[in-house]
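Colleague: I would like to learn how to read a few features of this model with care. Could we take them one at a time, with the general idea before the case?

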Amino acid sequence: MSPLDAAQPDPRLTTDSERNETQMNPTAQAVPETAVSPEPTPAARSRIEPIYVLEGVTKSYRMQGRTLTPLTGVDISIMPGEFATIQGPTGGGKSTLLQLLGALDRPSSGVLRLDGIDLAAARDGVLTRMRAAQIGFVFQSFNLIPTLTANENVNVALEGRGMTASTRTERVAEALAKVGLADRGGHRPSELSGGQQQRVAIARAIVAGPKVLLADEPTGNLDESMRDEILELLEGLNREGLTIVAVTHDSAVAKRAHRRLRLDGGRLHEVRR
């Protein structure tokens with residue numbers, strides 16, 4: 001078993017002392033290819049429990065004296081191993097929904113289950129464990145620490161996990177190799193192209209072995225060539241079993257996914273091919 005396949009801690013085992021700890025998280029998987037990942041057959045899907053179940057999810061918040069409700073009743077199930085994209089108008093609630101899926105915020109009402117656990121009702125310590133063990137995050141702006149090398153940026157995601165230094169070094173090296181940067185570990189972000197920086201960010205997101213990768217405009221800062229390279233990398237990770245949910249404005253990105261979803265008027269709809 002490779003270090004990236006090592007068992008993760010059970011997020012259901014938690015203590016009340018764990019509070020509001022936000023960790024950037026990750027997983028492992030991937031060899032980039034060009035073909036779109038095959039969608040699970042209906043028969044296979046019927047035997048598998050969804051990794052996400054959302055029922056009547058709403059989200060409201062106050063801003064400048066007004067109540068805004070970007071999500072008015074979201075109902076959706078996402079199966080393990082799916083690659084789903086979410087599109088919609090700017091300011092329409094896509095990033096809000098992604099934050100809820102990532103256990104970074106709670107719904108105002110409704111049920112939001114990840115791997116059987118209702119994130120809307122879970123204690124803060126459970127949410128912290130879920131973020132650390134189950135979810136990896138990738139952002140449009142990469143969010144790398146400029147003074148750290150690629151190795152060090154990926155290593156940040158393994159802090160506080162009780163691993164030995166040698167185990168962490170091995171896992172970091174394997175994650176960077178999976179994203180095609182085995183020879184760039186000693187480079188700082190300023191010494192890497194935009195596409196390479198996003199690869200480092202993906203390595204950081206997968207290094208701890210999550211079940212889900214949540215991506216917010218992962219190709220938004222890249223040119224067309226780099227966009228396609230990152231898409232091939234994500235498709236490779238997905239082929240190895242990683243569930244991916246990505247917010248995007250780019251229809252070329254959305255068309256590569258198993259499922260296309262659109263958020264309009266606070267509700268999520270399937271986009272038929």
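Modeller: Let us begin with burial: a residue counts as buried under 20% relative accessible area, exposed over 50% and partly exposed in between, with a 1.4 Å probe and protein chains only. This is a predicted model, in which local features need pLDDT of at least 70 and side-chain atom pairs count only at pLDDT 80 or more, while totals for chains, interfaces and linings use all residues. Residues are numbered from 1 along each chain as its sequence is written, and side-chain values use heavy atoms, with hydrogens and water left out.

Colleague: Is Phe137 buried or exposed, and how does Phe139 count?

Modeller: Phe137 is buried, with a relative accessible area of 6%, whereas Phe139, at 23% relative accessibility, counts as partly exposed.

Colleague: How many aromatic pairs are there?

Modeller: Rings of Phe, Tyr and Trp (its six-membered ring) pair if their centres lie within 6.5 Å, and planes under 30 degrees apart count as stacked, over 60 as edge-to-face and the rest as tilted. By this rule there is one aromatic pair: the ring centres of Phe137 and Phe139 are 6.3 Å apart and their planes lie at 5°, so the pair is stacked.

Colleague: How many residues of helix 3 are buried, and which strands do they pack against?

Modeller: Helices (H or I, at least four residues) and strands (E, at least two) are DSSP runs, numbered from the N terminus, and contact means heavy atoms within 4.5 Å. In helix 3 (residues 124-134), nine of the eleven residues are buried, so this helix is largely enclosed by the rest of the structure. These buried residues, among them Val126, Leu127 and Met130, pack against strand 4 (109-114), strand 5 (117-118), strand 6 (135-139) and strand 7 (212-216).

Colleague: At what angle do the axes of helix 6 and helix 7 cross?

Modeller: Axes are lines fitted to C-alpha atoms, for helices over the stretch in contact, and angles run from 0 to 180 degrees between N-to-C directions. Angles under 35 degrees count as roughly parallel, over 145 as roughly antiparallel, 65 to 115 as roughly perpendicular and the rest as oblique. The axes of helix 6 (residues 194-206) and helix 7 (residues 224-239) come within 10 Å and cross at roughly 20°, and the two helices are therefore roughly parallel to each other.

Colleague: Which residues of helix 6 meet helix 7?

Modeller: Gly195, Gln198, Arg199, Ile202 and Ile206 in helix 6 meet residues of helix 7 including Met226, Ile230 and Leu233.
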